Amino acid sequence: MDSISQILSLNSTAVSKMVAGQCKESSMALCEATYVLRQIISEGSMPELLNPSSMPTADQLLSTASLVQVHGEAIAWDANPSFVNGAMFPLFDRALSIKIHDTASAQDLLNLDFVRRLAAVVLYNKGLLCHCQALQKGDSREMYKALSYYQAAMGSILSAHDHLKYTAPILVLALLNNMGHIRCHHHDRDEARTCLDMLRHIFDESGAEEFLEEEDSLFFYFTIFTTCPNDALAIAPAA
C-alpha cells in the first residue's frame, strides 16, 4: 500500500509540475514513479509491459466502468508552429492525474492488474512530456521516444489478465489520439488511420461521453468528426 501511495503522490507531483511548465521537475517525479513500479512488477513481466508486439483491436479496449478516476489537466508548453501545423490530430495536451474510487478495496489496490493500470497512466504522462518537448524543439527523435512511451502504456493495459477493470476511457482515447498525431506527422498514413478508426469506434461504443468532462468530450468529438485536413486520411462526418 505504501508503494501505491508513493506512485500516486509522484504522479500527482509530476502533473502539477507539467501544469506549471516545470518539465525537468516533472520528468524526475515520473522517473521515480517508474522506478517504484518496476519494484512492484516482476522483471519477468516488464518486457511484455514495455514492448507490446502489436496494436490492440478497438473491442479489446472498450470499457464502461473503472475503479480509477482519471482526470486531464492542461499543461503549460509552447509549440514550434512549423512542427505542429498540418497534423490531422490535434495534440491532447492534458496530463492525467489519478484518483481511486471509494469502491476500490485494499485487495484491488494490491492487485497486479491495478498496478499495471497505474503504470499506463505514468507512461502516458512520460510520453506526453516527451511529445511536447519534441514539438517545442522540432526534434523527431523525441517524438519517437514519446511514441515508445505511449506504446508501452498501451502494452500495460493489455498485459493484465482483466484488461478493462481499472482502465479509464480518457486514458485509452488520449493514447490513441496522441499516437495518431505522431503517426500522422511522420506520414505513417495506415497507422494514423488505424488510430483514428479505433478512436472513433471506442468513442462511439464505450459511452465515453458519460465518463468524460465536457471539454474533453468535445475535443475527441471534433478530432474524430471534423479535423481532417488530409484527404487521404479523412473520414466522413457522422450523419
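This is a predicted model: local features need pLDDT of at least 70, side-chain atom pairs count only at pLDDT 80 or more; totals for chains, interfaces and linings use all residues.

Student: Which residue has a positive phi although it is not a glycine?
Tutor: That residue is His187, with a phi of about 60°.

Student: Where is His187 found?
Tutor: His187 belongs to the loop that links α9 (169–185) to α10 (189–205).

Student: Is His187 buried or exposed?
Tutor: His187 counts as exposed, because its relative accessibility is 65% and the cut-off for exposed is over 50%.

Student: Changing topic, how many disulfides does the structure hold?
Tutor: The structure holds 0 disulfides. Cys31, for instance, is in no disulfide, and the nearest cysteine sulfur is that of Cys130, 8.8 Å away. A disulfide would require the two sulfur atoms to lie within 2.5 Å.

Student: And what is the nearest cysteine sulfur to Cys132?
Tutor: For Cys132 it is the sulfur of Cys23, at 7.5 Å, and Cys132 is likewise in no disulfide.

Student: Which accessibility class does each of Cys31 and Cys132 fall into?
Tutor: Cys31 is partly exposed, at 39% relative accessibility, whereas Cys132 is buried, with a relative accessible area of 3%.

Student: Now the surface: which residues make the nonpolar patch?
Tutor: Leu218, Tyr221 and Phe222 make a nonpolar surface patch of about 270 Å².

Student: Where is Tyr221 found, and what is its relative accessible area?
Tutor: Tyr221 is part of helix α11, which spans residues 214–225. Its relative accessible area is 34%, so Tyr221 counts as partly exposed.

Notes:
Residues are numbered from 1 along each chain as its sequence is written. Side-chain values use heavy atoms; hydrogens and water are left out. Helices (H or I, at least four residues) and strands (E, at least two) are DSSP runs, numbered from the N terminus. Buried means under 20% relative accessible area, exposed over 50%, partly exposed in between (1.4 Å probe, protein chains only). Patches are made of residues with over 30% relative accessible area and no salt bridge: like charges are joined within 9 Å, nonpolar side chains (Val, Leu, Ile, Met, Phe, Trp, Tyr) within 5 Å. Accessible areas come from the Shrake-Rupley method with a 1.4 Å probe; for residues, only the protein chains shown count as cover. A salt bridge is a side-chain nitrogen of Lys or Arg within 4 Å of a carboxyl oxygen of Asp or Glu.
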